[in-house]
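Please have the structure open while reading.

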Amino acid sequence: MIKTDSQSLIRNLRSLTGRPPESASPRQWLRAMAGLVREHIGAHWADGARARRHAGERRVYYLSMEFLPGRLLMQTLRSFGLYESCRRTLADYGLDLEVVAELEVDPALGNGGLGRLAACLLDSMANLGLPAYGYGMRYDCGLFEQEIEDGWQVERPDTWLRHGNPWEVPRADLVHPVGFGGRVVDHGCAKLPRHEWLPEDEILAVAHDMPVLGYQSERLNTLRLWSPSSFGELDLRSFNDGEHVGAFARRNAIESLSQVLYPGDASPAGRELRFKQEYFFVSASVQDILRRFRRLGRPLDRLPDEIVIQINDTHPSLAIVELLRLLVDRHHLDWEQAWQLTRQSFAYTNHTLMPEALETWPLGYFEKLLPRHLELIYGINDWLLRDVGSRRLNDGGLIRRMSLIDEDGDRRVRMAHLAIAGSRRVNGVSKIHTELMQRTTFADFAALYPGKIVNITNGISFRRWLLDANPDLVELLRSRIGDGWLREPDRLAALAPHADDPAFRAAFRAIKHRNKLRLAELIARDCGIPVDAGSLFDVHIKRIHEYKRQLLKLLHVVALYDRLRREPDPRRGARTVVFAGKAAPNYVMAKLILKLIHQVAWRVNTDPAVAGRLRMAFIPDYGVRKAQVIIPAADLSEQISTAGREASGTGNMKLALNGALTIGTLDGANIEIREAVGAENFFAFGATIDEVAALRAQGYDPWRIYHGDAEARAVLDLIASGHFSPSTPDLFRPVVDALTSGGDPYLVLADFSAYLRCQERVEADFADVEQWTRRAILNTAGTATFSSDHAVRRYAELVWNTGLSDGRAKQVAAAE
Ligand code: 26W
């Protein structure tokens, strides 16, 4: 078996790269291994799709502007039992599989939790044997590659397709035209209007398929990514006339659609491009979904029985209008019937309540680019507001508040209202976030449609975040509780009693230590900073955003630094603070915070007074790949958002699963993690959501804290004094101002002293090695409920009605 796999590998190498094994480069071997895996995948892929078509199950379509699937090679080699043969074959030619595998790119087609959640849910759907498709955009450049120059973030294009994508199957045969602009004509009569949209421009969307594998299962789903086709788009006459640049104008315009994930939205052109991207990808997806449905030969009124389309935040919400348009204009259904079918076919996940992140689009964009959709939106709005009126809920302002159109200012479509009106269910991503949706931002909708807003707390793939990220720990777990938890996550709870076994604790600790050494190597390589794997590894890793409060963590570091400078305390344990995360390119404050992190790190790491006690590192270019190294090595997980701001968080789950203790506010999924792992194994601090509201109502005054708390004052003064930026002493003035005179909506100073006290407890507790390890193990054991398998089961029950009851899931597991 191994021998034939080895021969196949070499055959792949020759046919895909044209090189003999003796002279192939590591990258060529990588391609050959991917080719080998693809051979194994190929047959299953086709079989799986065919088998499902007969089964007549409802298909789940997951639409997302972001996907962060991570690397696939190692996981798939293991899944198909190819790991050992590849390792040996490569070794025969003097190569190390682990080193070669490092060359695989990590597709950064996403920004944060929402994109990674999409990947975890797809993983679980495949794992549970649910027939599901992911739909997204195939961006030519991922988010961006983050480089650090003199402590500042510099964005470089992330050319992830430079060496091709060995996993994707381009489907030149699968294209859909996507229209923009033009006008709407009415072919009907007054009684029976029949509208037709005549777009001015049409761009072809081409499918590219990526496999999505379940754990050791033969079930394979598809992630279908769209890119615009500019094939043949060259004005040959201009070109021959010497217009070598102008001849490519149209090609460039088309290609710009999929160039980057977040076109800078500071300019109107950037915002319009994002709007076009959203429509482009949902139009192609909805056409594709209808195409597949039509092949079944069922009448259109069966649509909601056969499909459900989950939209990941509002970014794909134009899909609702697109489906309505196709049903009415192309399939000539009556409006009311088409709308009811549409509403039953969609479900919407909300990931944020922050007003600035709730999407709205100016009516002007619709007038210019999607005139027919605008008519349909007005129709939906009429329907919605009639519904509101008929239920006598109106309290005067209600119609205005619930309307799809925000009449204030430049008149915009509220995409969240469209998404709620057009969905069978709406879910929040943690208990508290769902409650806030019901109680605050969407209270009117909750009253109009009782039971529509439901909670499905996020989850994470244990295959990715333990099996792939922490193989040593998986081996240890196998030796004690087997690996049934990879299929039935609840079995992880069986680990808890082992926390009382000193031998198990020692083994658990040894693995953590090895993981810390591995992270120390990464830090030495990427940052040139030596760190001590014996110290407390304290990690704050996530997008840089004021609500996530990297600043609160920084104030803590500065306070520690200041204390140690004044009185070096030999009893204090050593701590290594690790930051990682990207700042949005035009988020000025986030970039300044990132710079401050570097300047504080520079001081801390070079001041002999704190040497051996405190170290700090910022790991550049955070993504799935680096997360897989950082997370298994963490002792302390920082989840310190201002209460009410973090919808859920998923990094918090990954860290707890890998045996980090959390220090966190009572926000998002932290609340549920604390319940699951036990309050005694979680460091909670800070203002609760109600306290935050009360503070705001009273009129939060940061100056009171500044004047009343000597340590807060000392820390802010030290930053303001230019101590961390001697050559430009005023550099961080805006940061200090934001926290004080700016009124700080994120209430950093309000939580400062509680946070410091809580950190003192952390420090004292970390010194008790045995107890700490015990609590770390209980974190791993307690996190079972945060498996994305659970989340998918809940979606299946509460939202999709796909009949994936526990019974069926077990049946699936047993059959495999
Ligand atoms: C341009 C519009 C926009 C705004 C915000 C696009 C994308 C975003 C975020 C980066 C979305 C995001 O990642 N949200 C996170 O979603 C996770 C999965 O539900 C949650 O766990 C996080 O709390 C939430 O911040």
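Buried is used here for a residue with under 20% relative accessible area, and exposed for one with over 50%. The model is predicted, and the values below are computed from it.

**Cysteines**
- Cys141 has a relative accessible area of 10% and is therefore buried, since the cut-off is under 20%.
- Cys120 is likewise counted as buried, at 1% relative accessibility.
- A search of the whole structure finds 0 disulfides.

**Positive phi outside glycine**
- Asp150, in the loop between β3 (145-149) and β4 (152-156), is not a glycine and yet has a positive phi of about 50 degrees; Asp150 is exposed, with a relative accessible area of 62%.
- Asp744, in the loop between α30 (733-739) and α31 (748-767), has a positive phi near 30 degrees, again in a residue other than glycine, but at 3% relative accessibility Asp744 counts as buried.

**The sheet of 9 strands**
- The strands of this open sheet follow the order β5-β8-β9-β2-β1-β10-β11-β15-β16, and their pairing is mixed.
- Because β5 (169-180) and β16 (453-455) each have a single partner strand, they stand at the edges, and one side of each is left without a neighbour in the sheet; the twist averages 25 degrees from one strand to the next.
- Strands β1 (residues 59-63) and β2 (residues 132-137) pair in the parallel sense over 4 bridges, and Val60 has Ala132 in β2 as its bridge partner.
- Helix α6 (residues 113-127) lies across β1, β2, β8 (201-213), β9 (220-229) and β10 (307-312), and runs at about 165 degrees to β1.

Note on methods: Residues are numbered from 1 along each chain as its sequence is written. This is a predicted model: local features need pLDDT of at least 70, side-chain atom pairs count only at pLDDT 80 or more; totals for chains, interfaces and linings use all residues. Side-chain values use heavy atoms; hydrogens and water are left out. Helices (H or I, at least four residues) and strands (E, at least two) are DSSP runs, numbered from the N terminus. Buried means under 20% relative accessible area, exposed over 50%, partly exposed in between (1.4 Å probe, protein chains only). A disulfide is a pair of cysteine sulfur atoms within 2.5 Å. Two strands pair if DSSP finds at least two bridges between them. Axes are lines fitted to C-alpha atoms, for helices over the stretch in contact, and angles run from 0 to 180 degrees between N-to-C directions. Contact means heavy atoms within 4.5 Å.
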